[in-house]
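Grab a viewer and work through a couple of exercises with me. Try each task before you read its solution.

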Amino acid sequence: MNSERIALEPILKQYFGFTSFRPYQEEIIRDALAGRDVFALLPTGGGKSLCFQVPPLVRPGLTVVVSPLIALMKDQVDAMQAIGVAATFLNSSLEPHESRSRLRGLHTDQFRLLYVAPERLMLSGFLSDLQRWNVRLIAIDEAHCISEWGHDFRPEYRQLAGLRELFPNVPVMALTATATERVREDILKLLRLRDPSRYVASFNRPNLSYRVLAKNKPYEQTLAFIRERLKESGIVYCQSRKTVEKVAERLNADGIKAKPYHAGLEIKDRTKHQELFLRDEVRVICATIAFGMGINKPNVRFVLHYDLPKNIEGYYQETGRAGRDGLPSECLLLFSSGDVVKQTQFIEEKSNPQEQQIARAQLQQMVHYAECAACRRSELLRYFGENLESENCGACDNCVSPRSTFDGTIAAQKFLSCVYRIREKSSFGVGLNHVIEVLTGAETEKIRRWRHEELSTYGIGKEHSRSEWAAIGRELIRLGHLRQSAEKFSVLELTDDGRAMLKQRKLITLTKPMTIPEPSSHRAGEISCDEGLFDRLRQLRKKLADDQDVPAYIVFSDVALRQMAREYPTNEASFARISGVGQKKLQQFGGTFLLAIEEYLQTNSRQIFADNSFAVSPPTAPPKPHLNDSTRETLQRFRAGQSVEQIARDRGLATGTIYSHLAEATQNGEQIAVEQLVTATQAKEILAAFEQVGFANLTGVWEFLGGRFDYGVLRVCRPLLQAKRHLKVS
């Protein structure tokens, strides 16, 4: 099968109701269809699932999806069945008779898509069955679980390496939402991927805002936060099961519908609580940080961390469960130094020294994020090896309400000097707490034993409290003046920069403690619409979803409802242009929603919005500096005057791949000459088609033009023409 010749956009529109792919999705799908192994890092909300859901719609055979998230399997299978795709799952939540029925269906080729847990997959009997089921693709979701450096390591994932021997000719797709460079290399090695295509999308989620609040009466802070967000759904993450239960109980007592969700609950209770949340019967789910929820609810409007996460990867993935539909959503972390102490105690309970070292390093990075005064979005992206082009994201507390700074030269000199004097006297380093005890003149057994009361820095810092000195010390670490080891007894030492600062007595500016910021006036991904109509359509969606016994978003997403409440579609043609309206949903729900809109307009006037275009900020659009080398080579050759066909021939690639490279480049702001692809007359014709049908409706434009232009040409031209439509095309 030549995957380059398959028109995937019509399939995307027919089944999923979308007119264009998100960054890298199409390339990943085409590589898998061509039989190539693929590694894909698409952050939460970036459309990972679509990458393995489309191939079984293109060709016969079975696609097997390995996932550790039992809760997510039923959710995704329901969504696939709702759009007419034969999908099923096998895991421990099923009764024996249910499993037998599904196995019979697999033996008779009734299914195109199978979700299975890794421990079930690797059973010898199951593997024997699998070899008889015409498997055409194996997708390993949450692939970071195979690495000890991943935030959710699972030993059973290590067994998946055996799939390569059993299925030597079946392509393997490894997908993850969070992985540092070290974890990525682990995935490639341990899954034994063969010359895989590698796709790493941007980690930036522009529709999410990030805040860290000093923890003080956390329940009252949580209640106030939720009460300010009427009708919105959210997740509250807690460190322990006990806290989960307590917070959920108190929220219910205060009039907020909430349910607990953690590994200690019976499976039937977890499933019930999840269903209530998915169907908007419950506004808030309280869950443990350690337990992977796997809830695919696109309209989660906030994620609140009641306690400190163990690492950046986990925090990023958990916050990523907010705003998966691209609409504005909030992430709030309550932080206190007491949480750091608790996490450290948990680390000390680990029996494996290597695991302890990894956990300490990860906790230090998490604390650094919580206490930093720089742009939080930049800090997150930098952790994953990506840089934010702007120094101010406009959507985190540190950018919206920058914290005050003060001249911390004297305090810094005292702290750095104390670290230096301790090592000079004792020939060894000490930890942060001991330095603080020396500065504040504490009388401890260690100070007496090591005679540190004799130091010139002993007791010179009584003007600051212990917590203030701790904050100063951690900021000096962040600023690079001190280095902290990740050993069991982590010690501080001066860096070269710190020695220079101490010797030259340079001015050092420090940041004052966190305060409550004002929310940003602009929120990425915001869609203005008729809120009255949106509420009415949301009620209609709930009723239809309840009638079908499915979560509300399976009927339509919030994005689709907001577009309806903005565009006021009055016929099937205009309704079909709504994002997420595929062929089956048009037939099933189109008439009902059109009637509701018509009835609303009988008693309400249409509203006019300043920006008539509909666009949700793509959560994973890669910034220009992150075009991969292959795409950049294509761009350079094209700018040098080579045609698409010539580039494809010289590089040994399909023309469809070259068009994908150019489309990716233009979507990310790179400029190329339209006349290299089409004539001036054709450009004028294509522009008129986009203006008539809509720039978001690529399939509609292709049909409007009678299929005379390649999809690739239209994808490349679209952003160029959209940017230049104010100019005359002659």
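Predicted model: local features only at pLDDT ≥ 70, side-chain atom pairs only at ≥ 80, totals over all residues.

Residues are numbered from 1 along each chain as its sequence is written, and side-chain values use heavy atoms, leaving out hydrogens and water.

**Exercise 1.** Work out the strand order of the six-stranded open sheet, then find what packs on it.

*Solution.* Start with the order: β8-β13-β12-β9-β11-β10, with parallel pairing. (Strands are DSSP E runs of at least two residues, helices H or I runs of at least four, numbered from the N terminus; two strands pair if DSSP finds at least two bridges between them.) At the edges sit β8 (208-214) and β10 (258-261), each pairing on one side only.

Next, zoom in on β8: seven bridges join it to β13 (residues 329-335), and Val212 has Leu333 in β13 as its bridge partner.

Finally, look at helix α16 (residues 353-371), which lies across β8 and β13 at about 110° to β13. (Axes are lines fitted to C-alpha atoms, for helices over the stretch in contact, with angles from 0 to 180 degrees between N-to-C directions.)

**Exercise 2.** Is Arg483 buried, partly exposed or exposed, and what does it touch?

Then list contacts (heavy atoms within 4.5 Å): leaving aside neighbours within four places in sequence, Arg483 touches Val491, Leu492, Glu493, Leu494 and Thr495.
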